[in-house]
Amino acid sequence: MTDVLIVGAGPTGLVLACDLARRGAAVRIVDRSPVPPRTSRAKGPNARSLEILDDLGVAGEVLAAGSAPLPMLKYRDRLPVAETDPWADSAPSPDALYDRGRLIAQWRLEEILRDRLAGYGVRVELGREVTGLAEGPGGRHADVTFAEGRTERARYVVGCDGAHSSVRKLLGIGFEGATAEDQVMVCGDVDLADGALDRTRWHQWFDEDGAVMLCPIPGTRTGWWFQAGPERDGRGRPLAPTADGFRRLLARHTALAGRTLTRAELLSTYRVNVRMADRFRAGRVFLAGDAAHVHAVAGGLGMNTGIQDAFNLGWKLGLVLAGHAGAELLDTYEEERLPVAARTLDLTSERLRATLEAIRRPGGGLDAAITSDTTGLGVGYRWSSLARGRAEAPQAGDGSPDAPDAEVRAARDGERPAPQPGDRAPDAPCVDAVTGARTRLHRVFAGPGTTVLGFGPGSAAALREVAAAYGDAGVRTCRVYAAHEDRAGSGPGAAVVDDEGHAAAAYGTKASDGTGTGKGTSTLVVVRPDHHLGLSAPADDTRSVPAYLRRLHGGTRPAEGSADRFSGIGGRRR
């Protein structure tokens, strides 16, 4: 029997398939398209998605195939009036290797992910449309019916099949929201005559009666993303996009002749939709990506939110399928990702409003949509039942009115506050204690496992106990040494040297007093497989870390012995 059947082979489905396949799950991925789509669509992964692609082992290919975000050259009345580089003041930091996203055509990103998936022996099954879903006997699997009449069985199904998701419709899940009929844009992939425009700039013409935007497509010599306000008929209704219409728009708003546009394909009309599914799980079926939420394009968070949905769900399915965790762990997917989706709808709507306001003035442009929030690096789950602190203090950012005392003091003293359970786990440069090679904490975290970091000499015994109890269940340990600590007799697992102190600073630990005497505080930090903190506790706390790991890795019963907390494929919570 298939463990997980993924419906939809866009970036969301492919990331989920890669993550599950590397965990040894029996995964299949189907798509109703007869051939892989060639559309460019999304302009690329943001900084957080690059971290995920790095974990999957494909970031190098993505970086090579794409380009850095480009400065934006803004025009008015056909003349250049301003140039802005939204990333001019940004740079990689010790806790974040990627400070910005990458421009890459979506079809090229999908190609890279398909190749990665094929390395696990899994290939996309094209031309397969899902037409039916039913719960199997005893609720132990889902039966999936395809257009050709075949019915196949899977333990779990994930709908990653876009805004018009067949899976969501078959489940009867609501997709509430609104469509802004007056906010319309025509889009397509075009070729311009060689040398017509500088390909080191994203060109943006904003006039009172319309707009044209042209961004070069990486990996092509003459290819561009074309976006524009539509042509309209005598009654003000938007006209369908055509190649000739694109040429007229080009001639009207730019200094280029219409014949400069030599090819136009994959033409589409985009209307701002702000909608979200009222639940992300029904029995053994899940929704992810655009199947679960759609929003304004401002900020470029559509594809990225889907990739991050997949990374959240993949490790949870993997642990349940392996029999380490009960099926109740899967409830935390909706618990964590639905609030993130809701906030993303609000964020992108606000960024769209800011952009529409900015372009009314000469020199305004799409840079108004870009903020630190659109990098994805600040997304966390402090409200989650998987975010276990030693105290139940209110957490900043979780909707509570007050931040914990420690965060308030850190901000007052000009220090960076320590990450809280649920936050993204910071990266940090360090040195491999055995080989002496430069590495990073995110390299230590990479792969399908939970990681327990130990700061300070007092963490050694606890790390040995973790390795003995959970080393065969996908839990890794890593001792983080301060620069002057004695490294003799290090225990099992990885060991790194925090030679510049970035790891201790990022995690708010005082692992050593700098003399190697071990008089500082020793700390254990549990990092989830998706690089979010589970908890941080003193190394002499003998209960918190084992209790947390038991929830994720302590089960020995087979996954199919766990009862779902939902009734029926289309059932509601009990």
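The chain contains 13 helices and 23 strands. The model is predicted. Of the 574 residues in the chain, 55% are buried. Among contacts in the chain with a separation of 6 or more, 70% join residues 24 or more positions apart.

**Helix α7 and its partners**

Helix α7 covers residues 302-321. Its 20 residues reach 29 Å from the first C-alpha to the last, close to the 28 Å expected at 1.5 Å a residue. Helix α7 is mostly covered, with 19 of its 20 residues buried. Just after α7, Gly 323 takes a positive phi of about 85 degrees.

Two packed helices are described by the angle between their axes and the distance between the axes.

| Helix pair | Angle | Distance between axes |
|---|---|---|
| α1 (residues 11-22) and α7 | about 25 degrees | 8 Å |
| α2 (residues 47-55) and α7 | about 45 degrees | 9 Å |

How do α1 and α7 lie to each other, roughly parallel or oblique? An angle under 35 degrees counts as roughly parallel, and α1 and α7 pack at about 25 degrees; these two helices are therefore roughly parallel to each other. The crossing of α1 past α7 is right-handed. On the α1 side, the contact is made by Pro 11, Thr 12, Val 15, Leu 16, Asp 19, Leu 20 and Arg 22. On the α7 side, the residues are Met 303, Gly 306, Ile 307, Ala 310, Phe 311, Leu 313, Gly 314, Trp 315, Leu 317 and Gly 318. By class, the contact of α1 with α7 has eleven nonpolar, four polar and two charged residues.

The pair α2 and α7, at about 45 degrees, is oblique. Here α2 passes α7 in a left-handed crossing. Arg 48, Ser 49, Ile 52 and Asp 55 of α2 meet Asn 304, Ile 307, Gln 308 and Phe 311 of α7. The residues of this contact divide into three nonpolar, three polar and two charged.

Ile 307 and Phe 311 of α7 are listed in the contact with α1 and also in the contact with α2. An α-helix has 3.6 residues a turn, so residues three or four places apart point the same way.

**Positive phi in two loops**

Most residues other than glycine have a negative phi. Asp 77, a residue other than glycine, has a positive phi near 50 degrees. Asp 77 is placed in the loop between β3 (72-76) and β4 (79-84). Is Asp 77 buried or exposed? Its relative accessibility is 59%, so Asp 77 counts as exposed.

His 531 is not a glycine either, and its phi is positive at about 65 degrees. The loop that holds His 531 runs between β22 (523-527) and β23 (533-538). With a relative accessibility of 1%, His 531 counts as buried.

**Trp 225**

Strand β12 (residues 223-228) contains Trp 225. Trp 225 counts as buried because its relative accessibility is 3%, where the cut-off for buried is under 20%.

Notes:
Residues numbered from 1 in each chain as written. Predicted model: local features only at pLDDT ≥ 70, side-chain atom pairs only at ≥ 80, totals over all residues. Heavy atoms only, no water. Axes fitted to C-alpha atoms, helices over the stretch in contact; angles between N-to-C directions. Helix = DSSP H or I, 4+ residues; strand = E, 2+ residues; numbered from the N terminus. Parallel < 35°, antiparallel > 145°, perpendicular 65-115°, else oblique. Left-handed = near helix turned anticlockwise from the far one by under 90°. Contact = heavy atoms within 4.5 Å. Nonpolar A, V, L, I, M, F, W, Y, C, P; charged D, E, K, R; others polar. Expected span 1.5 Å × (residues − 1). Buried < 20%, exposed > 50% of the residue type's maximum accessible area, 1.4 Å probe, protein only.
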